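Subject: Structure handover

Hello,

Here is the structure I promised to pass on. Please open it first, then read the notes below.

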Amino acid sequence: MVHELMNRIHGRSAKVGVIGLGYVGLPLAERAGRAGFAVLGFDVSAERVAQINRGESYIGDVASDALVALRERNLIEATTDVRRMRECDILVICVPTPLNPTREPDMRYIEAASENVAASIRPGQLVILESTTYPGTTRELILPRIERNGLRVGEQIFLAFSPERIDPGQTSSQGFSVENTPKVVGGVTAHCTELASAFYGYITSRVVPVSSPDVAELTKLFENVFRAVNIALVNELALLCDRMGLNVWEVIEAAATKPYGFMKFTPGPGLGGHCIPIDPFYLTWKARAYDLTTRFIELAGEINTQMPRHVRDLVVRALNRARKPLNGSAIVLLGVAYKPDVDDYRESPAFKVYDLLVADGATVIPCDPHIDEFELHDGRRMRTVPLTDDLLRQCDCAVIVTNHRAFDYERIVTLAPVVVDTRNATRSIQGPLRAKIVVL
């Protein structure tokens with residue numbers, strides 16, 4: 001089994017199934033197709049499946065032209081029919097791993113995907129989990145399911161974990177993509193690691209094998225915890241600098257001139273994206289099973305969740321300059337996406353800022369050049385509006401939540417009565433206009 005599948009991988013005759021065609025799955029499917037593998041994508045959304053089969057991309061980091069080229073070569077197809085998983089030699093699970101209302105891991109999507117895999121598993125298949133999750137998931141949730149019919153992992157079937165490292169929107173700005181971001185791989189057995197590493201060797205420029213799925217699972221969580229803790233540190237510094245009347249951005253830029261022993265992180269209105277606001281809680285939850293409280297992680301979470309309230313307070317301060325109350329004021333929210341120059345609004349801090357301002361009686365008008373429509377936490381659908389000169393003149397305050405390059409910040413500061421800048425996007429604006437800006 002091992003040699004046959006290895007030969008199929010090296011001959012690029014192995015068929016790759018990607019389960020979940022979102023921000024992780026679609027870029028992986030596109031890259032596997034470009035590497036020469038025939039790819040069959042699975043998704044519960046019939047609309048997504050139809051778009052892929054028409055060669056239309058709905059993910060910013062995947063060009064529609066690339067999908068069209070793969071479709072013309074019969075290298076990519078999408079389906080909602082999970083029974084077709086049996087056709088695939090390699091199955092990669094890329095489904096969401098959110099939190100439930102009590103901020104504990106919500107494993108429904110992984111469980112559903114692994115049940116579908118188990119229902120169609122056959123000898124000679126390699127199953128890889130990419131979804132970010134707690135250490136032990138691959139062994140505890142997936143392994144028993146796929147061995148249920150008597151097939152043994154490491155002998156007839158193979159299982160590994162390789163965490164996704166997708167950074168939406170970074171392909172153009174920092175040059176990182178699926179094909180040049182190192183891939184950590186941990187198999188249940190040595191053969192599992194070898195097969196998964198061989199596959200990813202055609203996907204990315206560097207593969208990093210580790211001793212087990214548990215190590216690979218914890219590696220991904222540690223990467224995100226590292227960022228969450230350091231972001232909390234600079235957010236706390238921002239709160240202190242605000243009390244001290246110092247500019248936190250100037251402090252950070254000065255510290256960043258040190259050529260060793262320092263890594264630059266910046267404060268902001270809160271955490272966004274699928275990883276940083278969510279993944280650390282997977283580790284704190286798992287740690288409780290070992291009678292350990294992960295105090296650094298939980299403290300970082302407390303600090304980071306304070307930031308939207310601090311932004312609300314800065315808006316109040318900015319309005320006070322004009323002798324206006326927050327209640328009844330019109331606030332333009334600049335940016336719905338969680339990071340600049342993307343259309344991804346998962347866990348965006350803009351939503352919490354929006355809720356806090358509305359709760360205090362403000363009328364909040366969202367503007368985002370990359371997003372036409374979005375969904376709030378309570379399920380309501382909302383549309384953004386164009387950022388016109390009249391809107392800026394007529395509002396009471398503009399709040400920069402996301403520092404999109406498409407925003408003309410000098411125009412914004414010139415026209416808006418006051419501006420709250422949570423991203424230091426207005427740093428180049430000097431002179432009399434500077435007095436209109438309240439900086440995080």
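In which strand is isoleucine 400 found? Isoleucine 400 sits in strand 13, which covers residues 397-400. Before going on, please keep in mind that this is a predicted model.

**Around isoleucine 400**

Is isoleucine 400 buried or exposed? It counts as buried, because its relative accessibility is 0%. Setting aside neighbours within four places in sequence, isoleucine 400 is in contact with Leu334, Tyr409, Val419, Val420, Asp421, Thr422, Arg423, Ala425 and Thr426.

Look at strand 9 (residues 330-334) beside strand 13. The two run parallel and are joined by four bridges. Leucine 333 stands opposite valine 399 of strand 13.

**Two loop residues to check**

Aspartate 341 is in the loop between strand 9 and helix 13. Its phi is positive, near 65°, and the residue is not a glycine. At 24% relative accessibility, aspartate 341 counts as partly exposed.

Asparagine 424 is in the loop between strand 14 (419-421) and strand 15. This residue also has a positive phi, about 60°, without being a glycine. Asparagine 424 counts as buried, because its relative accessibility is 7% and the cut-off for buried is under 20%.

Strand 1 (residues 15-19) and strand 2 (residues 38-42) are a pair to look at. They run in the parallel sense and share five bridges. Valine 18 has glycine 41 of strand 2 as its bridge partner.

**Nonpolar cores**

The largest nonpolar core has 79 residues. Which of them touch the most other members? They are Ile9, Ile19, Ile90, Val92, Ile93, Val117 and Phe199. Helix 8 (residues 190-201) gives this core its largest share, six residues. Now take isoleucine 19. Not counting residues up to four places away in sequence, isoleucine 19 touches Phe42, Met85, Leu91, Val92, Ile93, Cys94, Val95, Ala113 and Val117.

A second, separate core holds 65 residues. Ile231, Ile252, Leu319 and Leu357 are among them.

**Helix 9 and its partners**

Helix 9 (residues 213-244) meets helix 12 (residues 295-321). Their axes come within 8 Å and cross at roughly 40°. That angle makes helix 9 oblique to helix 12. The crossing of helix 9 and helix 12 is left-handed. On the helix 9 side, the contact is made by Val225, Ala228, Val229, Ile231, Ala232, Asn235, Glu236, Leu239 and Asp242. On the helix 12 side, the residues include Phe296, Ile297, Ala300, Ile303 and Asn304. Met307, His310, Leu314 and Arg317 of helix 12 are also among them.

Helix 9 meets helix 10 (residues 248-255) too. Here the axes come within 9 Å and cross at roughly 130°. Helix 9 is therefore oblique to helix 10 as well. Val234, Leu237, Ala238 and Cys241 of helix 9 make this contact with Val248, Val251 and Ile252 of helix 10.

Over to you.

Best wishes

Technical notes. Residues are numbered from 1 along each chain as its sequence is written. This is a predicted model: local features need pLDDT of at least 70, side-chain atom pairs count only at pLDDT 80 or more; totals for chains, interfaces and linings use all residues. Side-chain values use heavy atoms; hydrogens and water are left out. Buried means under 20% relative accessible area, exposed over 50%, partly exposed in between (1.4 Å probe, protein chains only). Contact means heavy atoms within 4.5 Å. Two strands pair if DSSP finds at least two bridges between them. A nonpolar core is a set of buried Ala, Val, Leu, Ile, Met, Phe, Trp, Tyr and Cys residues joined through side-chain atoms within 4.5 Å. Axes are lines fitted to C-alpha atoms, for helices over the stretch in contact, and angles run from 0 to 180 degrees between N-to-C directions. Angles under 35 degrees count as roughly parallel, over 145 as roughly antiparallel, 65 to 115 as roughly perpendicular and the rest as oblique. A crossing is left-handed if the near helix is turned anticlockwise from the far one by less than a right angle, and right-handed if clockwise.
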